[in-house]
Each structure stands twice: as C-alpha cells, then as structure tokens.
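Reader: I am new to this structure and would like a close look at one part of it. Please take the charged side chains and go through them in order.

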Amino acid sequence: MQPSRWSQIRSILPPSLEEFPQVRGPEVDGAIVMCMKEAAACIYAHDLGRCGQLGELIMDYSWEKLNGRNWRDVSRDWRTAYSYGCLFKVVGSCEQPVFNKEEALRVCDMSLLLGAEIMNNVISRIIQILSDPLSVEPPEGTTGLTNKTQKRPREEPETEPDGTTPEKIPRPLTPLLHVDATIPTICCPSLEYFRQNYLIPQKAVILEGVIDHWPCMKKWSVEYIQKVAGCRTVPVELGSRYTDAGWSQSLMTVNEFINNYILDQPARRGYLAQHQLFDQVGELKEDIGIPDYCCLGEGDEDDITVNAWFGPAGTVSPLHQDPQQNFLAQIVGRKYLRLYSVSETERLYPFDSSLLHNTSQVDIENPDTDKFPDFAKADYQECILRPGQILFIPVKWWHYVRALDISFSVSFWWS
Ligand SMILES: O=C(O)CCC(=O)C(=O)O
C-alpha cells in the first residue's frame with residue numbers, strides 16, 4: 001500500500017524535535033523565532049493544524065521583510081525564515097480533509113523562488129513526494145496538443161470586459177536571410193576542431209547532431225510541459241520586450257502561462273525566461289544534458305548557468321550581450337537570430353544606464369536611421385535556429401532573438 005502523504009513527508013523530517021534545526025538569525029525578530037520553535041514542536045506533537053497556521057503567519061511576516069527593500073539587501077536570515085514558514089504551512093496542510101496539492105506546490109515554489117535552502121533541500125524533496133505518483137493531467141481542453149498539432153491561437157479577436165477589442169499581434173514573419181551573412185552550420189565537430197576554429201577565434205557557428213539524443217528532443221511539447229510542470233509557480237516576464245516601459249514580472253503557474261500567453265494570444269506578451277526552472281522541475285532537467293564542448297571552458301559544470309526560454313511565436317529578446325560564452329540549444333519551434341561581434345559595439349548604440357548598458361537602443365528589425373545613423377554600417381550574421389541545433393554565441397557578442405513559432409530553447413552560459 002502507498003504510504004500516506006504525511007508519512008512520506010514525516011520520513012524526511014528529523015526524527016525528533018531535538019534534532020530539528022534551531023532556527024535563529026540575528027536579523028529575525030524574537031517573536032518570529034518563537035513562532036518557528038512552536039511550529040516545529042507542533043510537528044512532533046502531531047498538531048498539524050496549528051503548525052500550518054504558524055507557517056502562514058511566518059510566511060506573511062517574512063514576506064514583508066523580503067519585499068520591503070531592494071532584493072540584494074534582503075538578509076539571508078529572512079529568506080531562511082520565509083522557507084521555514086513555507087515548510088510549516090505545507091506540513092500543516094498534509095492531513096487536511098481536502099488536500100489542495102496545487103496550493104502546497106505553490107507554497108513550495110515560493111520557497112524555492114524567494115526563500116533560502118533549508119534542511120538539506122527539504123522543500124525539493126517534498127515537491128518530489130507531492131508530484132509523484134499523482135502526476136498532473138493538463139487542464140481540460142488542452143489535451144492532445146503535441147509539437148506537431150499545436151492548437152492554433154484564435155483567429156478572431158475577442159472583446160475585453162470593457163467592450164474594446166484587444167490589439168492583435170501580427171503573425172511573425174520569417175525573415176529572408178542574406179546569403180553572405182548566414183552563420184555556418186557544422187555537424188558534430190570534434191572538441192579540438194571546435195576549439196581551434198570557433199572558440200579560440202571567437203566565431204559564431206551552428207552545431208548539429210550533438211543534442212539529438214537528449215530526451216527533450218522527443219518528449220517536449222506544450223502538453224508535456226503542462227504535464228510535468230503545469231502546477232508549478234514560476235516568474236513570467238510580461239510585456240513585448242524588457243526595454244519597454246510597461247514591462248514587468250509576475251508569478252503564475254505554468255498552466256496559467258500556457259493558457260493565457262501561449263495557447264491564447266492576448267495583446268500582452270509573456271515569456272518564461274528563467275534560470276531556476278530546471279532546479280525547480282527535476283523532470284525537465286533530466287531531459288537535457290550539458291553540451292560536451294562546455295568542458296573546453298575553465299569553470300566546473302556547476303558554474304554553468306542553464307536558462308529556459310519558453311514563449312509564443314513573436315517573442316523578442318532585444319539586441320544585447322552577455323558576459324559568458326553561450327550555447328543556445330533549440331528544442332521546440334524555430335527562432336530568428338541576428339548576431340553582431342563585439343567590435344561593432346559603437347554602431348549598436350548601447351543604453352547609457354548601468355542597468356541596460358549591455359542592451360542596444362536600436363529596434364533592429366525596424367531601426368530609426370535618423371537617431372542611429374551608424375547602425376546600418378554594422379556587420380552582422382544571422383540564422384534561423386531549428387529544433388536540434390545549437391548556436392555558439394561567443395562571449396559578449398550581441399544577439400537579437402525573435403521566436404517564429406511557439407518555442408522552447410535552453411541556453412548554457414559558460415566560461
Ligand atoms: O532566446 C531568447 O529569447 C534569448 C536567449 C538569450 O539571450 C541568451 O541565451 O543569452
């Protein structure tokens with residue numbers, strides 16, 4: 001017989017109250033430390049209801065501390081307290097007559113996103129227990145959707161609640177590539193060949209045949225993402241591009257993101273672009289590898305940042321540069337990319353502000369030639385990146401990206 005949810009979670013907690021970590025940090029108020037002690041005691045007295053109430057109180061109080069100042073000034077003590085609040089809240093919900101799994105997963109995700117790691121990653125282990133064996137079916141109406149049979153975004157614009165018609169996003173055009181400027185493609189080069197011909201001279205290239213064996217190439221589709229991650233809470237970028245005034249970020253579940261921004265295309269754009277997704281959702285991480293060529297770098301595998309980029313057709317990442325080498329692996333859909341080498345920087349008019357100094361002011365597919373007269377003189381290379389291809393973007397090379405289809409890419413930043 002399957003052990004109960006509570007007994008599974010109980011088995012990964014310390015066996016006795018004495019072994020439960022003493023939570024204290026100089027920054028955390030005494031009253032909250034007392035609440036944490038009481039909540040821990042409730043676990044062992046099997047008063048889970050009270051444990052959950054205290055967890056909620058600790059979460060609410062720490063939330064104010066996390067949001068009351070600049071993120072980089074938030075102390076680790078408060079992030080730790082927030083995670084303990086999440087733990088107590090989830091533990092408290094375990095034996096409720098109607099267990100709300102989505103809510104418990106949301107609380108765990110909030111801990112992963114905003115809190116600090118506690119008790120040897122106990123929150124991730126609870127997520128595993130909650131996710132298995134009750135794997136989540138995609139919500140009704142979205143089943144049967146695969147890579148090849150994606151539901152088409154609706155053709156007729158509907159009306160907003162106020163009666164106005166939302167702006168319709170034009171169907172993205174597939175650009176015609178300039179023959180002289182296309183990025184070369186090579187198949188499975190040896191490490192040494194890649195190093196001599198592309199890494200050392202810092203030249204862009206598309207690699208083929210190197211990720212065909214990754215399970216994501218066969219498995220990933222909108223439906224699959226819903227199945228393994230639908231209930232998970234993630235940060236989503238809202239707005240056409242991050243340089244726009246109205247751009248913002250919001251937390252929502254992957255199902256909400258898919259239903260509202262991928263399957264249904266509102267005038268407002270959403271982009272799931274984040275590095276934590278693979279730490280949050282183990283199933284997705286297991287479906288990808290690390291390109292072998294990363295071993296040519298100086299860092300360890302742990303130093304590689306793996307980012308997920310999941311969004312609808314038409315999603316744009318404005319022209320910008322990053323401080324590391326990049327392998328951008330295309331898993332689902334196609335993307336148009338334009339690259340400029342570092343030597344073209346002056347012609348690309350980076351923003352002056354320190355926050356956006358790595359971003360060009362030019363809307364490169366519709367440049368304002370009066371304002372940016374030298375832009376037209378900048379040399380570039382371009383490509384349409386297809387599923388199964390990896391683009392090598394040398395360090396600090398400027399890159400502009402526009403998705404031509406619903407697209408999922410994974411990038412690897414390495415040094
Ligand atoms: O795919 C995208 O939209 C952006 C990718 C990117 O900027 C990167 O990998 O550094």
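Predicted model: local features only at pLDDT ≥ 70, side-chain atom pairs only at ≥ 80, totals over all residues.

Author: Residues are numbered from 1 along each chain as its sequence is written, and side-chain values use heavy atoms, with hydrogens and water left out.

Start with Glu 382, which lies in strand 10 (residues 381-385); strands (E, at least two residues) and helices (H or I, at least four) are DSSP runs numbered from the N terminus. Glu 382 counts as buried because its relative accessible area is 2%. Here buried means under 20% relative accessible area, exposed over 50%, and partly exposed in between, with a 1.4 Å probe and protein chains only.

The side chain of Glu 382 has a polar contact of 2.5 Å with the side chain of Tyr 336. A polar contact is a pair of N or O atoms within 3.5 Å; within protein, one must be able to donate a hydrogen and the other to accept it, and residues adjacent in sequence count only if both atoms are side-chain atoms. The Glu 382 side chain also reaches the backbone nitrogen of His 178, at 2.6 Å.

Side chains of opposite charge can pair when their charged atoms come close. Glu 382 forms a salt bridge with Arg 338, with 3.9 Å between the closest N and O atoms. This pair links distant parts of the chain, as Arg 338 is in strand 9 and Glu 382 in strand 10, 44 residues apart. Arg 338 and Glu 382 are both buried. A salt bridge is a side-chain nitrogen of Lys or Arg within 4 Å of a carboxyl oxygen of Asp or Glu, and the count by this rule is 14.

Another salt bridge joins the side chains of Arg 334 and Asp 405 (2.7 Å, N to O). It too links distant parts of the chain: Arg 334 sits in the loop between strand 8 (325-332) and strand 9 (335-340), and Asp 405 in the loop between strand 12 (398-403) and strand 13 (407-414), 71 residues apart. Arg 334 is partly exposed because its relative accessible area is 22%, and Asp 405 is partly exposed at 24%.

Lys 285 and Asp 279 also meet in a salt bridge through their side chains (3.6 Å, N to O). Lys 285 is partly exposed, with 45% relative accessible area, whereas Asp 279 is exposed, with 53%.
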